[in-house]
Amino acid sequence: MHLEEQIVECMLYGQVANFKTNSNIPIEKFAIALNSNLKKSIVIKSAEEVDEKFHSRLSCKRKTYRYIINNSKIGTAIYRNLETHIPMKLDIQKMKQAIKYFEGEHDFKAFKASGTSSKSSVRTIYKAEIIEKENGRIWVELTGNGFLYNMVRIICGTLVEVGIGNIEPEEVKEIIKEKDRTKAGKTLLPQGLYLVEVKYDE
């Protein structure tokens, strides 16, 4: 898959929103009607009726986020806002070892931004993996039952520190246990972060 196809693939994934309406427009024509009134940067892919108790955020059972790192020496101008460039050569094997420590139920206090309003920082990560792509791209994918504010970007920042050699893979386990934000990596830039899938069933 070429870079252009990788980027388009990421952008094809959509987010889910819900709202109540008294409109008489048939549900099968709703997406077309909405798209005719939206900016070109927003596209409604489909619409369906749901139970009144449904909430696009609170009813979610699991989400998958993807973070794209460009690990080439020079980077790119065209896709600079769609990925984060890390020019230092990363040790992907060490990153693959480290990311597995995030799987399972943990208190992710060390991986949340200050001022986060969530009462609990306990979350479950069902799947965590590093995927090597063409042209020096690295995908970090995390699937969980929920994520704290900036949690994915901080986890990715920690994995970059592992890849550089500043943190050893096994140290991630202790960082999680100690719940100390200062021990984890920095918060990576928002460029490259994608919500790729939302599931409402187990």
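## Close-up views of a predicted chain

**View 1. The surface of the whole chain.** About 12500 Å² of the chain is accessible surface (Shrake-Rupley method, 1.4 Å probe), and carbon and sulfur atoms hold 50% of that area. This is a predicted model, in which local features need pLDDT of at least 70, side-chain atom pairs count only at pLDDT 80 or more, and totals for chains, interfaces and linings use all residues. Residues are numbered from 1 along each chain as its sequence is written, and side-chain values use heavy atoms, with hydrogens and water left out.

**View 2. The elements in order.** Look for 5 helices and 6 strands, which are DSSP runs (helices: H or I, at least four residues; strands: E, at least two) numbered from the N terminus. Starting at that end, the order is α-α-β-β-α-β-β-β-α-α-β.

**View 3. The buried face of helix α5.** Which residues of α5 are buried? In this helix, residues 171-178, they are V172, I175 and I176. Down the axis of α5 they fall within an arc of 100° (taken from the directions from the helix axis to the C-beta atoms), so they line one face of the helix. Buried means under 20% relative accessible area and exposed over 50%, with partly exposed in between (1.4 Å probe, protein chains only).

**View 4. Around helix α5.** The cover over the buried residues of α5 includes α3 (92-99), β3 (104-107) and α4 (151-164). On the other side of α5, you can find K173 and K177 exposed. After the helix comes K179, with a positive phi near 60°.

How values were computed
Contact = heavy atoms within 4.5 Å.
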